[in-house]
Amino acid sequence: MSDLETMPGHLIRRLHQISVARFTSRMAEAGIDLTAVQYAALLTLRDHPGLDQQTLAGMIAYDRVTIGGVIDRLVQKGFVNRETSPNDRRARVLMLSDQGGNAVEVATPWVDKVQEDLISQLTSEERDNFLNLLQKTTKAGNEMSRAPLRHGAKVKISQ
(Lines give C-alpha, C1' and ligand atoms only; values in the text may rest on other atoms or scores of the structure.)
Protein backbone atom coordinates (compact mmCIF):
# COMPACT_ATOMS: atom_id res chain seq x y z
CA MET A 1 0.00 0.00 0.00
CA SER A 2 2.38 2.69 -1.18
CA ASP A 3 -0.17 5.06 -2.76
CA LEU A 4 -0.79 7.99 -0.41
CA GLU A 5 -4.38 8.28 -1.60
CA THR A 6 -5.18 4.83 -0.18
CA MET A 7 -3.26 5.11 3.11
CA PRO A 8 -5.64 5.60 6.07
CA GLY A 9 -3.00 7.46 8.09
CA HIS A 10 -2.33 9.94 5.29
CA LEU A 11 -6.04 10.51 4.68
CA ILE A 12 -6.70 10.98 8.40
CA ARG A 13 -3.84 13.50 8.59
CA ARG A 14 -5.29 15.38 5.60
CA LEU A 15 -8.76 15.37 7.11
CA HIS A 16 -7.29 16.71 10.35
CA GLN A 17 -5.62 19.53 8.39
CA ILE A 18 -8.94 20.32 6.72
CA SER A 19 -10.75 20.24 10.07
CA VAL A 20 -8.26 22.64 11.68
CA ALA A 21 -8.45 24.97 8.67
CA ARG A 22 -12.27 25.02 8.78
CA PHE A 23 -12.28 25.59 12.54
CA THR A 24 -9.80 28.45 12.24
CA SER A 25 -11.76 30.00 9.37
CA ARG A 26 -15.11 29.75 11.15
CA MET A 27 -13.72 31.24 14.37
CA ALA A 28 -12.19 34.13 12.38
CA GLU A 29 -15.52 34.63 10.62
CA ALA A 30 -17.24 34.80 14.02
CA GLY A 31 -14.55 37.08 15.48
CA ILE A 32 -13.73 34.53 18.20
CA ASP A 33 -10.14 33.92 19.30
CA LEU A 34 -10.25 30.18 20.07
CA THR A 35 -8.49 27.07 18.89
CA ALA A 36 -10.22 23.71 18.65
CA VAL A 37 -8.36 22.45 21.73
CA GLN A 38 -9.28 25.58 23.68
CA TYR A 39 -12.92 25.10 22.72
CA ALA A 40 -12.79 21.45 23.83
CA ALA A 41 -11.31 22.53 27.18
CA LEU A 42 -13.95 25.24 27.70
CA LEU A 43 -16.81 22.92 26.77
CA THR A 44 -15.51 20.24 29.14
CA LEU A 45 -15.09 22.75 31.98
CA ARG A 46 -18.61 24.01 31.36
CA ASP A 47 -19.92 20.48 31.77
CA HIS A 48 -17.49 19.47 34.56
CA PRO A 49 -16.52 22.51 36.65
CA GLY A 50 -13.70 22.12 39.12
CA LEU A 51 -11.42 19.74 37.22
CA ASP A 52 -7.69 19.74 37.72
CA GLN A 53 -5.45 20.12 34.64
CA GLN A 54 -4.50 16.44 34.51
CA THR A 55 -8.10 15.25 34.54
CA LEU A 56 -9.09 17.84 31.95
CA ALA A 57 -6.24 16.68 29.69
CA GLY A 58 -7.49 13.10 29.92
CA MET A 59 -11.08 14.08 29.20
CA ILE A 60 -10.14 15.86 25.96
CA ALA A 61 -7.36 13.39 25.02
CA TYR A 62 -4.65 16.02 25.18
CA ASP A 63 -1.06 15.72 26.34
CA ARG A 64 -0.80 16.45 30.09
CA VAL A 65 2.32 18.59 29.65
CA THR A 66 0.97 20.68 26.78
CA ILE A 67 -2.40 21.33 28.45
CA GLY A 68 -0.64 23.79 30.77
CA GLY A 69 -0.02 26.21 27.90
CA VAL A 70 -3.61 25.85 26.72
CA ILE A 71 -4.91 26.67 30.20
CA ASP A 72 -2.45 29.56 30.57
CA ARG A 73 -3.83 31.12 27.37
CA LEU A 74 -7.43 30.59 28.49
CA VAL A 75 -6.63 32.24 31.84
CA GLN A 76 -4.97 35.17 30.02
CA LYS A 77 -8.09 35.58 27.86
CA GLY A 78 -10.23 35.65 31.01
CA PHE A 79 -12.10 32.47 30.03
CA VAL A 80 -10.88 30.25 32.87
CA ASN A 81 -10.09 30.84 36.53
CA ARG A 82 -7.69 28.76 38.63
CA GLU A 83 -9.05 28.33 42.13
CA THR A 84 -7.93 26.56 45.28
CA SER A 85 -9.60 23.18 45.59
CA PRO A 86 -12.12 23.03 48.41
CA ASN A 87 -10.93 19.44 49.06
CA ASP A 88 -7.17 20.09 49.05
CA ARG A 89 -5.88 23.61 49.69
CA ARG A 90 -2.60 22.69 47.93
CA ALA A 91 -4.40 21.77 44.70
CA ARG A 92 -5.79 24.09 42.02
CA VAL A 93 -8.98 23.47 40.07
CA LEU A 94 -10.24 25.09 36.90
CA MET A 95 -13.49 26.98 36.64
CA LEU A 96 -15.09 28.51 33.58
CA SER A 97 -15.48 32.26 34.03
CA ASP A 98 -18.62 34.10 32.91
CA GLN A 99 -16.63 35.34 29.93
CA GLY A 100 -15.60 31.74 29.15
CA GLY A 101 -19.21 30.61 29.36
CA ASN A 102 -20.19 33.36 26.95
CA ALA A 103 -17.38 32.33 24.58
CA VAL A 104 -18.67 28.74 24.52
CA GLU A 105 -22.21 29.94 23.89
CA VAL A 106 -21.15 32.18 21.00
CA ALA A 107 -18.69 29.67 19.51
CA THR A 108 -20.93 26.58 19.60
CA PRO A 109 -23.10 27.43 16.56
CA TRP A 110 -19.91 28.14 14.61
CA VAL A 111 -18.37 24.86 15.75
CA ASP A 112 -21.56 23.13 14.57
CA LYS A 113 -21.00 24.75 11.16
CA VAL A 114 -17.48 23.29 11.08
CA GLN A 115 -18.92 19.83 11.64
CA GLU A 116 -21.34 20.35 8.77
CA ASP A 117 -18.52 21.70 6.57
CA LEU A 118 -16.58 18.48 7.12
CA ILE A 119 -19.32 16.06 6.14
CA SER A 120 -21.50 18.16 3.84
CA GLN A 121 -20.60 16.07 0.79
CA LEU A 122 -21.89 12.86 2.39
CA THR A 123 -25.42 11.52 2.22
CA SER A 124 -27.28 10.95 5.48
CA GLU A 125 -26.46 7.24 5.36
CA GLU A 126 -22.81 7.95 4.56
CA ARG A 127 -22.63 10.41 7.49
CA ASP A 128 -23.94 7.78 9.89
CA ASN A 129 -21.53 5.17 8.55
CA PHE A 130 -18.59 7.58 8.58
CA LEU A 131 -19.22 8.68 12.16
CA ASN A 132 -19.74 5.10 13.33
CA LEU A 133 -16.47 4.02 11.70
CA LEU A 134 -14.59 7.03 13.12
CA GLN A 135 -15.89 6.25 16.60
CA LYS A 136 -15.08 2.54 16.27
CA THR A 137 -11.56 3.17 14.96
CA THR A 138 -10.82 5.89 17.52
CA LYS A 139 -12.08 3.79 20.41
CA ALA A 140 -10.08 0.75 19.24
CA GLY A 141 -6.88 2.79 18.99
CA ASN A 142 -7.34 4.89 22.13
CA GLU A 143 -4.67 3.16 24.19
CA MET A 144 -2.12 3.50 21.36
CA SER A 145 -2.28 7.29 21.67
CA ARG A 146 0.26 9.38 23.56
CA ALA A 147 -2.77 11.13 25.07
CA PRO A 148 -5.57 8.57 25.45
CA LEU A 149 -9.08 9.74 26.13
CA ARG A 150 -10.11 9.26 29.75
CA HIS A 151 -13.82 9.52 30.45
CA GLY A 152 -13.69 11.46 33.67
CA ALA A 153 -11.67 9.03 35.71
CA LYS A 154 -10.85 10.66 39.03
CA VAL A 155 -13.05 13.65 38.17
CA LYS A 156 -12.67 16.27 40.86
CA ILE A 157 -15.78 18.38 41.15
CA SER A 158 -15.68 21.60 43.10
CA GLN A 159 -18.63 21.97 45.46
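Reply: The chain carries 20 positive and 19 negative charges, whose mean positions are 7 Å apart (Lys and Arg count as positive, Asp and Glu as negative, with His and the chain ends not counted; each charge is placed at NZ of Lys, CZ of Arg, CG of Asp or CD of Glu). This is a predicted model, in which local features need pLDDT of at least 70 and side-chain atom pairs count only at pLDDT 80 or more, while totals for chains, interfaces and linings use all residues. Residues are numbered from 1 along each chain as its sequence is written, and side-chain values use heavy atoms, with hydrogens and water left out.

The secondary structure comes to six helices and two strands, running α-α-α-α-β-β-α-α from the N terminus (helices are DSSP runs of H or I with at least four residues, strands runs of E with at least two). The C-alpha trace spans about 55 × 35 × 25 Å along its principal axes. Of the 159 residues of the chain, 30% count as buried, that is, under 20% relative accessible area with a 1.4 Å probe and protein chains only, where over 50% is exposed and anything in between partly exposed.

Turning to the rings, a search of the whole structure finds one aromatic pair. Its members are Phe23 and Tyr39, whose ring centres lie 6.4 Å apart with the planes at 55°, so the pair counts as tilted (rings of Phe, Tyr and Trp, the last by its six-membered ring, pair if their centres lie within 6.5 Å; planes under 30 degrees apart are stacked, over 60 edge-to-face and the rest tilted). The pair links distant parts of the chain, since Phe23 belongs to helix H1 (residues 8-30) and Tyr39 to helix H2 (residues 36-47), 16 residues apart. Both Phe23 and Tyr39 are buried.

Another ring, that of Trp110, has Lys113 over its face, at 4.0 Å from the ring centre; for such a placement, NZ of Lys or CZ of Arg must be within 6 Å of the centre and within 35 degrees of the ring normal.

Asn142 sits in the segment after helix H6 (124-141), counts as buried because its relative accessibility is 17%, and touches Pro148, Leu149 and Arg150, not counting residues up to four places away in sequence (contact means heavy atoms within 4.5 Å). Ser2, in the segment before H1, counts as exposed because its relative accessibility is 71%, and its C-alpha atom is separated by 30 Å from that of Gln115, 113 residues apart along the chain.
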